[in-house]
Structure formats: structure tokens, C-alpha cells
Amino acid sequence: MKDQNLMFLVNASYNFTMEENGKESLDSGPHADKIQRMPEYQGSATITYDWNQKWDISFISTLNGPMYYDTEEKLTSAAQNAGNYVHKKNTFAVFNLRGNYRLRDNISLYGGINNLFDKNYHPMFIQIDDGTCLVDPAKTNGGCGNSMPGRNFYAGLKITF
């Protein structure tokens, strides 16, 4: 059987205190004392299968823990209790797939799929582009939300010298 390798890579970070010591005194809500605009934890795991050092395929997962922040989005009064309310964005995960084929020692073809399951997330903004509208329509430019890119495909050629 040819040379085959299976690699498993993991990395993570966790903020154990998540306490905001310099917070604005006007912040409100149950999360007013949390550090803002920073995930409480993040992690990534990758499984790569390599065959004969000729080609490989990787399954990549990323996890973003909850994030707290007083949004600059102009939300309707139904979406938040006060203008200085500290919101909590829930944890979410994104999965990607990537492959490489080595034509020569210094030339590779690669391609992949980002957001493999086509999930509609945004790591920070409360209002995602999902058909609902928590944003004050008078404060928008015709759109109603932000989302990270959906499923997308890419391919390329890598030459090293």
C-alpha cells in the first residue's frame, strides 16, 4: 500500500474571566459586565488525509463561542430594551473542505468549499440577512442584515520557487 497519512490538528482559546473592567457605565442588560466584541472561546479542528504525498483532502471545522456587544446597528425597540443594551451572539460552527493535488514538487492544484453546509451566520452583527427585520428601516440603505458568505467554491494553482 502506498504512503498514507491521517493528521488531526486542534487549536483553541478560552477567555476564563470575560469581565470588562473598563466598561462604560451606561451599558445595560444581563451581559453588561462582559468583554465586548471578543468571542468567549474559539476553536478549530482539521482532519487531513494525505495519500502518497501526491494529494490530500482536509475537513476543517471552526467554532466561535458567544460574543457580547453593544451594537452600533440601529435596531427597533422590539429588538432591544435600551440603546446601550449589551447583546449576546450565540455560538456557531462553520465547516470547510479543501483538497490539493501536487503536479510536481513545486506545482500544486488546489480547491475547496467554504461554508460547506451553507449556513447563514454572522460572527458579530445581530441582524443577519434572513428575511426578518430587527433593524429600523429608516436607518438602512435598503438592506436588512449582514451575513457572512454562504457556500462558496474556489480553485487555484500554487507555484513555489
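**A close look at one residue**

Mentor: Let's begin with Ser 61, which counts as buried because its relative accessibility is 17%; buried means under 20% relative accessible area, exposed means over 50%, and partly exposed is the range in between, using a 1.4 Å probe and protein chains only. Before we go on, please keep in mind that this is a predicted model, in which local features need pLDDT of at least 70 and side-chain atom pairs count only at pLDDT 80 or more, while totals for chains, interfaces and linings use all residues. Residues are numbered from 1 along each chain as its sequence is written, and side-chain values use heavy atoms, with hydrogens and water left out.

Ser 61 is found in strand S3. Strands here are DSSP runs of E with at least two residues, helices are runs of H or I with at least four, and both are numbered from the N terminus. Setting aside neighbours within four places in sequence, Ser 61 is in contact with Gly 43, Ser 44, Ala 45, Val 94 and Phe 95, where contact means heavy atoms within 4.5 Å.

Strand S2 (residues 41–51) and strand S1 (residues 4–14) pair in the antiparallel sense over 11 bridges; two strands count as paired if DSSP finds at least two bridges between them. Gly 43, one of the contacts of Ser 61, is the bridge partner in S2 of Ala 12. S2 also pairs with S3 (residues 55–64), again in the antiparallel sense, over 10 bridges. Within that pairing, Ile 47 stands opposite Phe 59 in S3. S2 and S3 form a hairpin with 3 residues between them, and Asn 52 in the turn has a positive phi of about 55°.

Now let's step back to the sheet. An open sheet is formed by 6 strands in the order S1-S2-S3-S6-S7-S8, with antiparallel pairing. S1 and S8 stand at the edges with a single partner strand each, so one side of each has no neighbour in the sheet. From one strand to the next, the twist averages 15°; such angles run from 0 to 180 degrees between N-to-C directions, with axes fitted as lines to C-alpha atoms, for helices over the stretch in contact. In general, strands of a sheet pair through backbone hydrogen bonds, either parallel or antiparallel.

The structure holds 2 salt bridges, each defined as a side-chain nitrogen of Lys or Arg within 4 Å of a carboxyl oxygen of Asp or Glu. In one, Arg 102 meets Asp 50, the closest N and O atoms being 3.6 Å apart. Arg 102 lies in strand S6 (residues 92–104) and Asp 50 in strand S2, so this pair ties together parts that are 52 residues apart in sequence. Asp 56 also forms a salt bridge with Arg 102, with the closest N and O atoms 2.5 Å apart. Asp 56 lies in strand S3 and Arg 102 in strand S6, so here the parts tied together are 46 residues apart in sequence. As for their cover, Asp 56 is buried at a relative accessible area of 7%, Asp 50 is buried at 10%, and Arg 102 is partly exposed at 25%.

Finally, here is the whole protein. Its secondary structure comes to 0 helices and 8 strands. Buried residues make up 30% of its 161 residues. Among contacts between residues at least 6 apart in sequence, 63% join residues at least 24 apart. The largest nonpolar core has 5 residues, namely Met 67, Tyr 69, Leu 75, Ile 126 and Val 135; a nonpolar core is a set of buried Ala, Val, Leu, Ile, Met, Phe, Trp, Tyr and Cys residues joined through side-chain atoms within 4.5 Å. Met 67 from that core is also in contact with Pro 123, which lies in the loop between strand S7 (107–114) and strand S8 (152–159). Pro 123 itself is partly exposed, with a relative accessible area of 35%.
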